[in-house]
Amino acid sequence: MTVAAIADVLGGQKMLHRRVSSDAELTRLTREGLPVDTLALLADGFSIDRKALAKLAGISERTLSRRIAKGERLSAEESDRTIRIARVFAHASDTFGTQPKASSWLLTPNSVLDGQTPLSQLDTDSGVRAVETIMGRIAWGVYS
């Protein structure tokens, strides 16, 4: 998955206020903190509840509400988790062809994940790796 695809899922240059096309730029952006609005944009783009997405990124409802009201940026840790989620969303969009199809797959229970949805696995690195492995298998036609 390319850095440009991840940046596009996060709102691109308009939302991020810069062009992000390299790992170094993505790292710098992560350390500075994403604009809080990227979370809402990401949720809207994939038709996922913003509060559920914030929970996956380790952000409480109260903290999210305060950050939105004050227009604050996400912390480096929250930004890192949000970018990890965005990477999976970009990968899913590439694998399934459209954001609606990707969203549908992310919200559908999967037997390989013991009946859990792929989205519910994105709160941990091992869960993300499991979801990415499944998408890789689908892309190569070896999904069982």
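A residue is called buried when its relative accessible area is under 20%, exposed when that area is over 50%, and partly exposed in between, using a 1.4 Å probe and protein chains only. Ser 93, with a relative accessible area of 14%, is therefore buried.

Before going further, a word on what you're looking at. This is a predicted model, where local features need pLDDT of at least 70 and side-chain atom pairs count only at pLDDT 80 or more, while totals for chains, interfaces and linings use all residues. Residues are numbered from 1 along each chain as its sequence is written, and side-chain values use heavy atoms, with hydrogens and water left out.

Let's start with the whole chain. It has nine helices and zero strands; here helices (H or I, at least four residues) and strands (E, at least two) are DSSP runs, numbered from the N terminus. The radius of gyration is 15 Å, which agrees with the value near 15 Å that a compact globule of 144 residues would have. That figure is taken over C-alpha atoms, and the globule rule is 2.2 Å times the number of residues to the power 0.38. Along its principal axes, the C-alpha trace spans about 45 × 30 × 25 Å. Of the 144 residues, 42% count as buried.

How does the chain fold back on itself? Take contacts, meaning heavy atoms within 4.5 Å: among those between residues at least 6 apart in sequence, 56% join residues at least 24 apart. As for charge, there are 19 positive and 17 negative side chains, and the centres of the two sets lie 3 Å apart. In that count Lys and Arg are positive and Asp and Glu negative, with His and the chain ends not counted; each charge is placed at NZ of Lys, CZ of Arg, CG of Asp or CD of Glu.

Now follow helix 7, which covers residues 76-96. Its 21 residues reach 30 Å from first C-alpha to last, close to the 30 Å expected at 1.5 Å a residue; the expected span is 1.5 Å times one less than the number of residues.

Leaving aside neighbours within four places in sequence, Ser 93 is in contact with Phe 46, Thr 98, Gln 99 and Ala 102. Phe 89 is in helix 7 too, and at 0% relative accessibility it counts as buried. Beyond its neighbours within four places in sequence, Phe 89 has contacts that include Val 9, Phe 46, Leu 106 and Leu 122. Phe 89 and Phe 46 are 43 residues apart along the chain, yet their C-alpha atoms are separated by 7.9 Å.

Glu 32 is partly exposed, at 39% relative accessible area, and it touches Arg 18, Arg 73 and Leu 74, not counting residues up to four places away.

Finally, have a look at two loop residues. His 17 lies between helix 2 (12-16) and helix 3 (23-32), and its phi is near 60°, a positive value in a residue other than glycine. Asp 114, in the loop between helix 8 (99-106) and helix 9 (125-139), has a positive phi near 55°. Buried or exposed? His 17 is exposed at 62% relative accessible area, and Asp 114 counts as exposed at 72%.
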